[in-house]
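Me: I am new to this structure and would like a friendly tour. Could you take my questions one at a time?

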Amino acid sequence: MAAPTTLPSALADATRDESSLRRFLHGLPGVDQVGVEQRAAGLGTRSIKKAAKLHAIDLAISMVDLTTLEGADTHGKVRSLAAKARRPDPERPDVPQVAAVCVYPDMVKTAADDLVGTGINVASVATAFPSGRSTMDIKLADTRFAVEQGASEVDMVIDRGAFLSGRYGQVFEEIVEIKQACGDAHLKVILETGELVTYDNVRRASWLALLAGGDFIKTSTGKVQPAATLPVTHVMLQAVKDWKNQTGELRGVKPAGGIRTTKDAIKYLVAVHEVAGPEWLDPNLFRFGASTLLNDLLMQRRTQLDGHYSGPDYVTVD
Amino acid sequence: MSDRLTVAKTYKLYIGGKFPRSESGRSYPVSDTKGTFLANAAQGSRKDARDAVSAARKAFAGWSGTTAYNRGQVLYRVAEVLEGRREQFISEVATSEGVAVKKAQSLVDTAIDRWVWYAGWTDKIAAVLGSSNPVAGPYFSFSTPEPTGVVAVLAPQQSSLLGLVSVIAPVVASGNTCVVITSQDRPLPAITLSEVLATSDVPGGVVNIITGRTAEIAPWLASHGDVNALDLTGAPESIRADLERSAAGTVKRVLRNKQNEDFAATPDMSRLRAYLETKTVWHPMGV
């Protein structure tokens, strides 16, 4: 096994072979389930109002990975999504652009052509999304295709079956190979926490993905319930924070699926600030995988500025 | 002497088919016309109104999409359940409005009859207000009435049940959903009505009932971008003009009926017509 970067000796040892990897992951401290849920709920009650809320809304908009991952996607729908990414609220040019548009590999070219020169990234899911049930050759080909088409970010899924049966080495190798196939594109590793059952597993999968070189760790595909939850995101934010403490490197976190309201988004931002730290309040290190969230953010933004409640008639229908 | 403690009812709001307390945690004392304390009612806030509008919007597609026949059946069911609670309503109306039991009986009976009257209208509206328009070409042109959307209703301040029924029933009969701010000083029959709605077949969110200060909540509904019509019946005289002005900012239908409307008289179609839009379509003639 080859670690992708030069790591401190303790972490480099962990990736030497499968048994040392297992020893390392099982040696991670267990997650206090009651504690993390209580802390997440407690931080969720923090009240963010007025100017701070407006700032949080703009920050959240700039962190959105505007996503469409439906079997019914068309080129037209992706183009309208790209237009929305560039100018989320056409009546208000001061609304920031979103961070990225996230689509299936065959739609990458459409999105990339429409977003040339805008600074908005094109993210593509790959590796037999959402189940990850295919051969390594096909997963690699899927990834290379997405990058060739113009994706600057790749969202891969891990093999949850292998992870849950304890074949950590296999999952590690897969991430390392996909990372190589990505080239310059950023790699987000989807853990699909809804299938990992325990917080301990989420912590292990997070460390595994970080050790293998994932630039981001992402909660979910959005196809499995429960998708992103606050406590799971807390565990993952702790992982990237610990990673920074040990290696000095900054890695990102992306909760995806089930975040639909501004209120939820702000709870996540509070968690980022308190658990990881203020430097993670940055679109390069924290993202929201969402589709309906953006409209709610725009409506709340209008409510804040207009002084009265807005409605869905004032934002685009996706 | 029995030492049993009577179980006092907690009067709450009715939003999205549920009975939440006010988000603000506030309540206010309600007394009868002589000043005797009756109960504490929830004092709704602008955020309760916001939640109620979201619930009403969510319920709109389903309610406006049911067939007129089915909507009539559901509303008739409400009248059936109202009838079963007749005694409770009589005593609440008598204490709330300070009228004799006999008068309260007649008010409650008229309210139930009024509900049945509007329930009967559901499948007749299109026939009466719709039309097949004369055209000079090989196609048909039809105009059909369609519900306006989410209606904010400021219920009459005096008539606590009959007046309330007279303003809610026409809104929901034509397929709209509504957010109602009850009479400020006489809210108790409205809360009991919400229990009737919750236990009949009316889907949650079609009628949302908020108790509290009308002058505090009404401006938020009048300016709300997702409210399509506003009924000013119970609005205090001092804020009527302001409410109309802010309603104009989001192009709402505004019904300007006065407070002193005679609710005991048999109504006409004007309240039904107020919350309907006309859709005209053309259709090529079949051969």
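This is a predicted model: local features need pLDDT of at least 70, side-chain atom pairs count only at pLDDT 80 or more; totals for chains, interfaces and linings use all residues.

Me: Which residue in the turn of the hairpin formed by β1(B) and β2(B) has a positive phi?
Reply: The two strands of this hairpin have five residues between them. In that turn, a positive phi of about 95° belongs to G35(B).

Me: Which are the edge strands in the open sheet of three strands in chain B?
Reply: The strand order is β3-β4-β10 (chain B), and the pairing is antiparallel. Neighbouring strands are turned by 25° against each other on average, direction ignored. An edge strand here pairs on one side only, and that holds for β3 (131–133) and β10 (276–284) of chain B.

Me: And what stands opposite N133(B) in β4(B)?
Reply: β3(B) is joined by three bridges to strand β4 (residues 139–147) of chain B, with the two running antiparallel. The residue of β4(B) opposite N133(B) is S141(B).

Me: Which strands stand at the edges of the open sheet of chain A?
Reply: Eight strands make up this sheet, in the order β7-β6-β5-β4-β3-β2-β1-β8 (chain A), with parallel pairing. Two of the strands have a single partner, so one side of each is left without a neighbour in the sheet. Those edge strands are β7 (252–254) and β8 (288–290) of chain A.

Me: What angle does the direction of α9(A) make with that of β5(A)?
Reply: Strand β5 (residues 186–190) of chain A runs parallel to strand β6 (residues 216–218) of chain A, joined by three bridges, and K188(A) stands opposite F216(A) in β6(A). Helix α9(A) packs on the sheet, where it touches β4 (153–157) and β5 of chain A. Its direction and that of β5(A) make an angle of about 150°.

Me: Why do the buried residues of α2(A) line one face of the helix, and which residues are they?
Reply: Seen down the helix axis, the buried residues of α2(A) fall within an arc of 95°, so they line one face. They pack against α1 (9–14), α9 (168–182) and α10 (199–211) of chain A. The face turned away from them carries the exposed residues S19(A), R23(A) and H26(A). In helix α2 (residues 18–26) of chain A, the buried residues are L21(A), F24(A) and L25(A).

Me: Is V147(A) buried or exposed?
Reply: V147(A) has its place in helix α7 (residues 136–149) of chain A. Leaving out residues up to four places away in sequence, V147(A) touches V154(A), C182(A), G183(A) and A185(A). A residue with 20 or more C-beta neighbours within 10 Å counts as buried. V147(A) has 20 inside 10 Å, so V147(A) is buried.

Me: How many residues of chain A are in contact with chain B?
Reply: Chain B brings six residues to this contact: one nonpolar, three polar and two charged. The number of chain A residues they are in contact with is seven.

Key:
Residues are numbered from 1 along each chain as its sequence is written. Chains are lettered from A and ligands numbered from 1 in the order in which they are written. Two residues are in contact if their C-beta atoms, placed from the backbone, lie within 7 Å. Ala, Val, Leu, Ile, Met, Phe, Trp, Tyr, Cys and Pro count as nonpolar, Asp, Glu, Lys and Arg as charged, and the others, Gly among them, as polar. A residue is buried if 20 or more other C-beta atoms lie within 10 Å of its own, exposed if 12 or fewer, and partly exposed in between; C-beta atoms are placed from the backbone. Helices (H or I, at least four residues) and strands (E, at least two) are DSSP runs, numbered from the N terminus. The arc is that of the directions from the helix axis to the C-beta atoms. Two strands pair if DSSP finds at least two bridges between them. Axes are lines fitted to C-alpha atoms, for helices over the stretch in contact, and angles run from 0 to 180 degrees between N-to-C directions.
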